[in-house]
Amino acid sequence: MPAPHRHAARRDTRPVRLALVAFGVTLTTSPTTANAGTHTHPVVRQEVSATRQAAAATGLDDPAKKEIAMQLISSAENSSLNWKAQYRYIEDVGDGCGYTAGIIGFCSGTGDMLDLVELYTQRKPGNVLAKYLPALREVNGTDSHDGLDPNFAEDWATAASDPAFKQAQNDERDRVYFNPAVGRGKADGIGTLGQFAYYDAIVMHGDGDDSTSFGSIRKRALARAKPPSQGGNEVTYLNAFLDARVWAMRQEEAHSDTSRVDTAQRVFLRKGNLNLDPPLDWKVYGDSYHIG
């Protein structure tokens, strides 16, 4: 069971399901058959595509780095490195966002849980959570459990044993949080650590229009330092971004403990570990973690 340190993500607007080409998502098409007599087996095409995508992953989207990112997030969100155990996690942490659940803190009051269950239901109609869609639409924007209690949490845990639901969680995590953060980080010229700092910020604060959203945090940093894409120093810029992130966290009581920045991300930055290379040692909420 997750430790009580969990800080639920807070999102301000329900994301729209759009293509993320601008954020670096690669859309793979099958090769043309312009040359007569040339045929490529579908499995071969898939393997070539996967190889190309892996070669293009030069930051947090490298599979090994993404695994590290998920462990880092889980240490802050669940006080555990075992992020894959969190598919079944669900509770109301009393932050005004209703139920918080899953591997990235999908919330019933902020729209992303609704998007997730809609995606799951599109892929697997009649699943155990499909009957809650009307209630999830009604409680969106509130902390209400109306229409969800008393069995929603139990049914969520049941759904979490379904590989299709796990994949839906993975896909929504990537669409709404991971891919935009990595894409924006690469556009700003920052490396793996910086991309993780963006990812952690968008997970907690969302990308709405208020003063503590990810976009506003980034703008606050840009007012103090230039990113590498504009000729700035990466360490200087990341320090400015983390300063802005801490300021945003301190505006909200639920996020007032800034150790996920102070004794984690800043530790890596001070050591000049811009590539998030193991071994990694950090603390969150006073608990120590290690990735060898």
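**Notebook: loops, strands and charges**

I started at Pro279, which is found in the loop between helix H10 (259-270) and strand S4. For the labels, I took helices (H or I, at least four residues) and strands (E, at least two) as DSSP runs, numbered from the N terminus. The peptide bond that leads from Pro278 into Pro279 is cis, and its omega is near 5°.

A note on the source before I go on. My model is a predicted one, in which local features need pLDDT of at least 70 and side-chain atom pairs count only at pLDDT 80 or more, while totals for chains, interfaces and linings use all residues. Residues are numbered from 1 along each chain as its sequence is written, and side-chain values use heavy atoms, with hydrogens and water left out.

I followed the chain into S4, residues 280-284. Leu280, Trp282 and Val284 make up the covered face of S4, and Asp281 and Lys283 the uncovered one.

Which strand pairs with S4? I found strand S5 (residues 287-291), joined to S4 by 5 bridges and running antiparallel to it. Here two strands pair if DSSP finds at least two bridges between them. Opposite Asp281 I found His290 of S5.

The two strands form a hairpin with 2 residues between them. My cut-offs were under 20% relative accessible area for buried, over 50% for exposed, and partly exposed in between (1.4 Å probe, protein chains only).

Ser79 is another residue other than glycine with a positive phi, near 55°. I placed Ser79 in the loop between helix H2 (63-78) and S1. At 17% relative accessibility, Ser79 counts as buried.

S1 is joined to strand S2 (residues 100-101) by 2 bridges. I looked up the partner of Glu91 in S2, and it is Thr100.

I then looked at the loop between H4 and H5, where Pro150 lies. The bond from Asp149 to Pro150 is cis, with omega near 10°.

What else involves Asp149? Together with Asp92, Asp143 and Asp146, it forms a negative surface patch. Patches are made of residues with over 30% relative accessible area and no salt bridge, like charges being joined within 9 Å and nonpolar side chains (Val, Leu, Ile, Met, Phe, Trp, Tyr) within 5 Å. Areas come from the Shrake-Rupley method with a 1.4 Å probe, and for residues only the protein chains shown count as cover. Lys and Arg count as positive and Asp and Glu as negative, with His and the chain ends not counted. Each charge is placed at NZ of Lys, CZ of Arg, CG of Asp or CD of Glu.

I checked Asp146, which sits in the loop between helix H4 (133-139) and helix H5 (152-159). Asp146 is exposed, at a relative accessible area of 58%.

**Entry: salt bridges**

How many salt bridges are there in the whole structure? My search gave 18. The criterion is a side-chain nitrogen of Lys or Arg within 4 Å of a carboxyl oxygen of Asp or Glu.

I opened the pair Arg123 and Asp171, whose closest N and O atoms are 2.8 Å apart. This pair links distant parts of the chain, with Arg123 in helix H3 (residues 112-123) and Asp171 in helix H6 (residues 163-187), 48 residues apart. Arg123 is partly exposed at 44%, and Asp171 is partly exposed at 23%.

Next I took Asp162 and Lys124, where the closest N and O atoms are also 2.8 Å apart. Asp162 lies in the loop between H5 and H6 and Lys124 in the loop between H3 and H4, 38 residues apart. Asp162 is buried at 12%, whereas Lys124 is partly exposed at 37%.

Within H6 I found Glu172 and Arg175, 3 residues apart, about one turn of the helix. Their side chains form a salt bridge at 2.9 Å, N to O. Buried or exposed, I asked of Glu172? Glu172 is buried, with a relative accessible area of 2%, and Arg175 counts as buried at 12%.

Last, I noted a network of salt bridges that links Glu77, Asp200, Arg245 and Arg260.
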